[in-house]
Amino acid sequence: MLKTWTEKLKHIFYKALLEGCTPEKLTRSFCLGIYISFSPFPGLHTVMMIASMYLFDVHLPTLFLATSINNPWTMAPFFTTDYFFGRWLLHSFLAIHPTWVITLPKIFGSGTICLWSFLIGGNVLGVVCAMALWPFASVIFKKLSQGRNRE
């Protein structure tokens, strides 16, 4: 019998997020959600979540929670970080200044933002963050599933 409201919340958390899933599936779901949150395709995050649920057999609640760290409140910092990381990667680190770089003046007639910096930066940063968080997520989900098994 559940005694306190914290035990009830813990029970709901375990039931909703962890029931019927292996720690590996939860880790895969979380890290894929982290990649999607850094993804430089605004408006397509939900489509990417649903597609990856079918393509990669991930746990939707965990994927949704990880993807939700990029929300309307955090969108500007995420996309700014994507852009400046991509700009550093392309223009400073790799020293690529090709003629195929698409800039906003070519598209809209104003601004000097390099679109490729944003696209490449977001994808590379998403992959790097997902890979860096994989070992931590794996340990956390293994411990959570052990706690679930004890109950």
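Tutor: Happy to! Let us begin with a pair of side chains: S117 and H91 are joined by a polar contact of 3.3 Å. Keep in mind that this is a predicted model.

Student: Where is the place of S117?

Tutor: S117 sits in helix α7, which covers residues 115-150.

Student: Is S117 buried or exposed?

Tutor: The general idea is to look at the relative accessible area, where under 20% means buried. S117 has a relative accessible area of 0%, so S117 is buried.

Student: Which residues does S117 touch, not counting those up to four places away in sequence?

Tutor: Leaving those out is handy for picking up contacts from further along the chain. Here S117 touches D82, Y83, G86, R87, L90 and H91.

Student: Now the largest pocket. How much space lies in it?

Tutor: About 210 Å³. The next step with a pocket is to ask who lines it. Here the lining has 14 residues, and H45, T46, T67, N70 and N71 lie nearest the centre. The elements giving two or more residues to this lining are α3 (45-56), α4 (60-67) and α5 (75-93).

Student: Which element gives the most to the lining?

Tutor: That is α3, with three residues.

Student: And what is the lining like by class?

Tutor: Sort the residues and count: seven are nonpolar, seven are polar and none are charged.

Notes
Residues are numbered from 1 along each chain as its sequence is written. This is a predicted model: local features need pLDDT of at least 70, side-chain atom pairs count only at pLDDT 80 or more; totals for chains, interfaces and linings use all residues. Side-chain values use heavy atoms; hydrogens and water are left out. Helices (H or I, at least four residues) and strands (E, at least two) are DSSP runs, numbered from the N terminus. Buried means under 20% relative accessible area, exposed over 50%, partly exposed in between (1.4 Å probe, protein chains only). Contact means heavy atoms within 4.5 Å. A polar contact is a pair of N or O atoms within 3.5 Å; within protein, one must be able to donate a hydrogen and the other to accept it, and residues adjacent in sequence count only if both atoms are side-chain atoms. On a 1 Å grid over the protein atoms alone, a cavity is a set of points where a 1.4 Å probe fits but cannot get out, and a pocket is an open set with protein on both sides within 12 Å along at least five of seven lines; lining residues have an atom within 4 Å of a point. Grid points are joined across faces, edges and corners, and a volume is the space filled by probe spheres set on the points. Ala, Val, Leu, Ile, Met, Phe, Trp, Tyr, Cys and Pro count as nonpolar, Asp, Glu, Lys and Arg as charged, and the others, Gly among them, as polar.
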